[in-house]
Amino acid sequence: KVFGSVLYAVRQKLGGEKAEHFMDLAKTRYEKNLVEDVKCVLRVLVLYLPLPVWWALFDQTGSRWTFQATRMNGEIGSTTIKPDQMQVINPLLILFLIPVFDSVVYPVFAKFGMLVKPLQRMTVGGLLTASSFFISGFLELEMMKTYAKLPTADISHIYAINSLPCNVTVQLERSGHIEEFSVAGLSSFVKYEINPGEYTAKIETSSSCLPNILNIRTAETKIMAVESNVTSLLISTRGETILPTSLQLPEEPEKDDGSNGRIRIVQDVGFLTEENVVQLVGPKEYNVTLSKGELVTQTEYMKIDIGEYKVMLGEGELGEFTIKQGGVYQILLAKNPDTNILSVSQYVLTVPNSIHILWLIPQYFVITVGEIMFSVTGLEFSYSQAPESMKSVLQAAWLLTVAFGNIIVIIVAEAKAFNQAGEFFMFAILMIIDMGLFAWLAWRYTPREQRDKDIKMEPTGIVNEKFKDTE
């Protein structure tokens, strides 16, 4: 009946009929009380127009903000906070803050004539929600410094791994153009923004490097820099000679989208006559198979729980390494050039997460305060303004605004017009504009109580002529 009365009134209005309120045109077919109730609902629904934007922001606490948490360090002592566990902050703060607002915050502001009316509270709550996204945007800018740097189209990166205990100099030569960089001993280095193509990699180390072992301290090899890929160059020794090797598999610097790290095992022990299984023993156990028949082999990247691991080959322990949240590592199995003993070395491709996950608490606190002032107050206001027969209709309309808010998020995400920080700032600015519209609609709105006082009551019923006023 609600939708039928509205559609009928609209058709009558479009047909040229006139009335003080267009819904009055439906009184010729529908009950007067129903039409009056629908008019009350429509006045409230006008205030619902800006609500989808608020839901577009709030619902990102379970999506974008959780994804943001995956790029943060959740370690607290011996335990680790999982990214999705941060969502528990919101309900806990709700349980704590609602009584505080009802008994302390609202009464204190009321003494100064502030935050008295529900629509005022909702406007301030929306602005606080916008503030929480400014906070998350600035946090994202800091986190971007620790993100993996991926080569864009028409660009390649070279990842050099130096297994020698001394510095080496690398020259990449192509068509007369030379790119030069150095790699510290037992470390790695990424040369960014290399033009794709085949290069001649010339490697050189000083005479003080392994003086009792190396006789040939310069060498070169061909390396293919592939567009939009990271190509690796392993620098090791073979007998008395320094040996550069261009590795076949491209590197994958992207961080894990959970609370794990990622590793690839590289073996540089010479030709293997049979497959070998290496055990990684730590918080979990992993078995990794090393392929036979290759001088240097690489495994595919694998996710691995954070923590300390021992590398076991058979009954022997080769060494240890540590995985931190968000880090991407190369685990090199190679013979130590000094001792000729098989050992383990760890190299970083992408630095682990360094900003702690607890830095999310300020934005969760602010948006929870915004939720109390906007969502909780909004529901209370809607119920107080709705006729008894229309409360379920308003509840359905409220839930419908949630759906439209999620559609806004999908449209923005699919457009891919911003990076993550820019997207947060965009939503914050959109929310401020949206609250400007809401404030204007609230200023025009006449509350139900005031509207009822302004309506002139018409006498109805039968006059009792025998009634006498004895006062």
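View 1. Helix 3 (residues 51-58) and helix 8 (residues 391-415) have axes that come within 7 Å and cross at roughly 60 degrees. Axes are lines fitted to C-alpha atoms, for helices over the stretch in contact, with angles from 0 to 180 degrees between N-to-C directions. Helices (H or I, at least four residues) and strands (E, at least two) are DSSP runs numbered from the N terminus. The model is predicted, with local features requiring pLDDT of at least 70 and side-chain atom pairs pLDDT 80 or more, whereas totals for chains, interfaces and linings use all residues. Residues are numbered from 1 along each chain as its sequence is written, and side-chain values use heavy atoms, without hydrogens and water.

**View 2. Residues in the contact of helix 3 with helix 8.** Helix 3 contributes Leu51, Pro52, Val53, Trp55 and Ala56, and helix 8 contributes Trp398, Thr401, Val402, Phe404, Gly405, Ile408 and Val409. Contact means heavy atoms within 4.5 Å.

**View 3. An open sheet of four strands has antiparallel pairing in the order 5-4-7-8.** Two strands pair if DSSP finds at least two bridges between them. Strand 5 (177-183) and strand 8 (218-225) are at the edges, each with a single partner strand, so one side of each lacks a neighbour in the sheet. From one strand to the next, the twist averages 25 degrees.

**View 4. Strand 4 (residues 168-174) pairs with strand 5 in the antiparallel sense.** Seven bridges join strand 4 and strand 5. Leu172 stands opposite Glu179 in strand 5.
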